[in-house]
Amino acid sequence: GPAPAPAAAPPDAAPAATAGAASAAAAPAAATSATPATPDPLGPVQRYQLAFEALRAADYPKAIAGFDDMVARYPDHALAPNARYWSGRSHFLQREFAPAVDALAGALAGSLEPGKVPDALLKKAQAELQLGRRDDARRTLGQLIERFPDSDQARQASALMSTAAGAAAPAAPPASP
């Protein structure tokens, strides 16, 4: 290809030109980014995708770290509620129920994809039951049944309600399939 432009400049001019370009490039980045001094080389979408690849590979600790890092860097990004949801699901799969509840609650507080809401409510209630938080679980299950009465998750929630109520007897089988 053609020779780089700085090669044509006199040797003493090249460092000054390079330094000027570098500081000019750094200035806008510093002005727009809040905390990190250096611009993020990946960005929110790529961070989300890398965390999701870890999740699909069943590397839950890496997935959690990736989703949580993405949310910490970009809390207002459109993918942040989904990242919180998948972080919660990953914690749940690791049997880390308290962080699962927190992450799922964060996902539900944001603009989580509507299709994920029933599952987020169900997993949150299941984690709350594992933590012995029966009242919280009952409230979460009630929300799920009220908001998504025809969902598979609502049917599972109805079955869990007796557990949340503290009944020792097993739940009765559904009347019809």
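**A loop, a helix pair and some buried residues**

Author: Let's begin with a loop: Ala-58 lies between α2 and α3. Keep in mind that this is a predicted model.

Reader: What is phi of Ala-58 near, and what kind of value is that?

Author: Phi of Ala-58 is near 65°, which is a positive value in a residue other than glycine.

Reader: And is Ala-58 buried, exposed or partly exposed?

Author: Ala-58 has a relative accessibility of 43%, so it counts as partly exposed. Buried would need a value under 20%, and exposed one over 50%.

Reader: Ok, now the helices on either side. At what angle do α2 and α3 pack?

Author: Helix α2, residues 44–56, and helix α3, residues 60–73, pack at about 160°. Their axes are 7 Å apart.

Reader: Why give both an angle and a distance?

Author: Because a pair of packed helices is described by the angle between the axes and the distance between them.

Reader: So are α2 and α3 roughly parallel or roughly antiparallel?

Author: Roughly antiparallel. The cut-off for that is an angle over 145 degrees, and α2 and α3 pack at about 160°.

Reader: Left-handed or right-handed crossing, for α2 and α3?

Author: The crossing of α2 and α3 is left-handed.

Reader: Which residues make the contact?

Author: From α2, the contact uses Pro-44, Arg-47, Tyr-48, Ala-51, Phe-52, Ala-54 and Leu-55. From α3 come Tyr-60, Lys-62, Ala-63, Gly-66, Phe-67, Asp-69, Met-70 and Arg-73.

Reader: How many of those are nonpolar, polar and charged?

Author: In the contact of α2 with α3, 10 residues are nonpolar, 1 is polar and 4 are charged.

Reader: Pick one of the charged ones. Arg-47: buried or exposed?

Author: Arg-47, in helix α2, is buried, with a relative accessible area of 13%.

Reader: What does Arg-47 touch?

Author: Leaving out residues up to four places away in sequence, Arg-47 touches Asp-40, Leu-42, Asp-69, Met-70, Arg-73 and Tyr-74. Asp-69, Met-70 and Arg-73 are also among the α3 residues in the helix contact.

Reader: Different spot. Where is His-91, and is it buried or exposed?

Author: His-91 lies in helix α4, residues 80–93. His-91 is buried, at 10% relative accessible area.

Reader: And what does His-91 touch?

Author: Ile-64, Asp-68, Glu-96, Pro-99 and Ala-100, again not counting residues up to four places away in sequence.

Reader: Let's do α6. What should its length be?

Author: The 14 residues of α6, 117–130, should span 20 Å at 1.5 Å a residue. The end C-alpha atoms of α6 are 20 Å apart, which agrees.

Reader: How many residues of α6 are buried?

Author: 13 of the 14, so α6 is largely enclosed by the rest of the structure. Just after α6, Gly-132 has a positive phi of about 80°.

Reader: Last thing, the whole chain. How many helices and strands?

Author: The protein chain has 8 helices and 0 strands. Of its 177 residues, 33% count as buried.

Key. Residues are numbered from 1 along each chain as its sequence is written. This is a predicted model: local features need pLDDT of at least 70, side-chain atom pairs count only at pLDDT 80 or more; totals for chains, interfaces and linings use all residues. Side-chain values use heavy atoms; hydrogens and water are left out. Axes are lines fitted to C-alpha atoms, for helices over the stretch in contact, and angles run from 0 to 180 degrees between N-to-C directions. Helices (H or I, at least four residues) and strands (E, at least two) are DSSP runs, numbered from the N terminus. Angles under 35 degrees count as roughly parallel, over 145 as roughly antiparallel, 65 to 115 as roughly perpendicular and the rest as oblique. A crossing is left-handed if the near helix is turned anticlockwise from the far one by less than a right angle, and right-handed if clockwise. Contact means heavy atoms within 4.5 Å. Ala, Val, Leu, Ile, Met, Phe, Trp, Tyr, Cys and Pro count as nonpolar, Asp, Glu, Lys and Arg as charged, and the others, Gly among them, as polar. The expected span of a helix is 1.5 Å times one less than its number of residues. Buried means under 20% relative accessible area, exposed over 50%, partly exposed in between (1.4 Å probe, protein chains only).
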